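I set out to read through this structure entry by entry and to note what I looked up. The notes follow the order in which I went.

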Amino acid sequence: MREVDARGLSCPEPMMLTEEALKADKGAVRVLVSEPHQKMNVEKCAKDHGRKFTSTETDDGFAVEIEPA
Amino acid sequence: MEKEIHLTQFAKHGGCAAKIGPDTLSKVLGRLPKFSDPNLLVGFETSDDAAVYKINDDVAVIQTLDFFTPVVDDPYTFGQVAATNALSDVYAMGGEPKIALNIVCFPENLDPDILGEILRGGADKVREAGAVLVGGHSIQDDVPKYGLSVMGMVHPDKIYKNFGCRKGDVLILTKQLGSGIINTAVKAQMASAESEREAIRVMTTLNKKAKETVQNFTIHACTDVTGFGLLGHCSEMASASDAVIELHVKDIAWMHGAKEYAQMGLIPGGAYRNQRHAAALLDTGDVEEVYVDLVSDPQTSGGLLLAVPESEAGEVLRALERADLGTEVSVVGRVAESGAGAGIRLVQK
């Protein structure tokens, strides 16, 4: 699974990296972010690509698991 | 070859999105001592745009101050945006700006010509406002910041407060919304040239003409829409007026691309903060999620939000149209109830 580590980055970088990954990879993508609003932006990005996702809280932020296209 | 400087790269948050959140602010400000003076007509208790102090029965002075980090890369444009935004607080109180002072933070290692351009942009806007720039203060800082302290004047009977709206009032906004989202899209290099141009045009348009156009009509309440977004500023107006405000999301003028970028996840953190702050008052009904994000979007140098009695609304709108402000004027909603608690209802017709 492709992983995007956007922890510690500030907006809009997490969304930009997610967008890049979803365009490049039709498979599952896992995105790690630090802040709740970044999680929400990543979820919106996934939704905009018509992808399903599941988000969970991690020790240092959130993980958004985006399903294959 | 000289390295191109992107001013926005210095700032984590740009423009009014850099504001400290309303939750944090109200906590800290609540601990400050209360000041009172019979001549202080508007203080900070009502979260208004500026302070107003009465000199005599005909003259009151308006005092305000506003500065922020770069919201655009071009120094001259940044100066224009920051000055337009700072001057706006005077217009939002119904006044005319008279004297302005520069507030500057600038890194020692950056080309001083950049600072020169920022100040030139600010000075041009002060001149356009008909005020005078008389000096300022500058310090060294890693992140560039710019703004103005502005003194304005108003007749004590003609002050626009951010409260006082009544049931039936029509809410008119004099600029289209979406600058926070567009600026985020620009930072992500995903904004169209058209959207970027529109945001810059809106952010550099003084609220002078809008204020002058409406000054002979009845205005029950007025504020300018900035960092707290339309939602946050309506919440303040609703709370202070004890009114329920209904926002008609389909009638609101949005900048080109704003809806699309919001759906892509290009939403500034400040929008989520504004939503959280208004949550207790907010009824989102069955409007699409994207509209909740759009109304929460922090604006930089936004338009005047006017609560106008229904009987005069048509005339006010026609006058604003004739004035050709250079921005899009729209009816964003109405005051649904007053005197029975505060609230904000989103409606998607």
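**Entry 1: the sheet of chain B.** Which residue stands opposite I245(B) in β13(B)? I noted first that the model is predicted. I then looked up the pair and found I344(B) opposite I245(B). The two strands concerned, β9(B) and β13 (residues 343–347) of chain B, run parallel and are joined by 5 bridges. I next looked up what packs on the sheet: α7(B) does, and it touches β7 (170–173), β8, β9, β10, β11, β12 (330–338) and β13 of chain B. The direction of α7(B) makes about 155 degrees with that of β9(B).

I followed β9(B) to another partner. β9(B) and β12(B) pair in the antiparallel sense, over 5 bridges. In that pairing I found A243(B) bridged to S338(B) of β12(B). β12(B) is also joined to β7(B), by 4 bridges and again in an antiparallel run. There, I172(B) has V331(B) in β12(B) as its bridge partner.

I then wrote down the whole arrangement. The sheet is open and has 7 strands, in the order β8-β11-β7-β12-β9-β13-β10 (chain B), and its pairing is mixed. Why is one side of β8 and of β10 of chain B left without a neighbour in the sheet? β8 (221–224) and β10 (282–283) stand at the edges and each has a single partner strand, so one side of each has no neighbour there.

**Entry 2: backbone angles in chain B.** D242(B) has one, of about 55 degrees. D242(B) sits in the loop between α7 (229–241) and β9 (243–248) of chain B. I recorded D242(B) as partly exposed, because its relative accessibility is 31%.

S301(B) is not a glycine either, and its phi is positive, near 55 degrees. The loop that holds S301(B) runs between α10 (289–296) and β11 (304–308) of chain B. Is S301(B) buried or exposed? I found S301(B) to be buried, because its relative accessible area is 1%.

**Entry 3: the two domains of chain B.** The domain assignment divides chain B into domain 1 (7–158) and domain 2 (170–347). I looked up the distance between the centres of domain 1 and domain 2 of chain B, taken over C-alpha atoms, and it is 20 Å. In the contact, 35 residues of domain 1 of chain B meet 28 residues of domain 2 of chain B. The two domains of chain B bury about 2,600 Å² between them, with 57% of this area on carbon and sulfur atoms.

**Entry 4: where chain A meets chain B.** The size of an interface is often given as the accessible area lost when the parts come together. For chain B and chain A, the buried area is about 1,200 Å², and carbon and sulfur atoms give 61% of it. The contact takes 15 residues from chain B and 12 residues from chain A. I looked up the salt bridges between chain B and chain A and found 3. K44(A) forms a salt bridge with E289(B), and the closest N and O atoms are 3.9 Å apart.

I also looked up E19(A), which is found in helix α1 of chain A. E19(A) counts as buried, because its relative accessibility is 8%. Leaving out residues up to four places away in sequence, E19(A) touches C45(A), H49(A), M190(B) and M264(B).

**Entry 5: two prolines of chain A.** A cis peptide bond joins C11(A) and P12(A), with omega about 5 degrees. P12(A) lies in the loop between β1 (2–5) and α1 (13–24) of chain A. P36(A) is found in helix α2 (residues 36–48) of chain A. I noted P36(A) as partly exposed, because its relative accessibility is 40%. P36(A) and L9(A) are 27 residues apart along the chain, and 13 Å separate their C-alpha atoms.

Technical notes. Residues numbered from 1 in each chain as written. Chains lettered and ligands numbered in written order. Predicted model: local features only at pLDDT ≥ 70, side-chain atom pairs only at ≥ 80, totals over all residues. Heavy atoms only, no water. Buried < 20%, exposed > 50% of the residue type's maximum accessible area, 1.4 Å probe, protein only. Pairing = 2+ DSSP bridges. Contact = heavy atoms within 4.5 Å. Axes fitted to C-alpha atoms, helices over the stretch in contact; angles between N-to-C directions. Domains from an automatic or database assignment. Buried area = accessible area lost by both parts, 1.4 Å probe. Salt bridge = Lys/Arg side-chain N within 4 Å of Asp/Glu carboxyl O.
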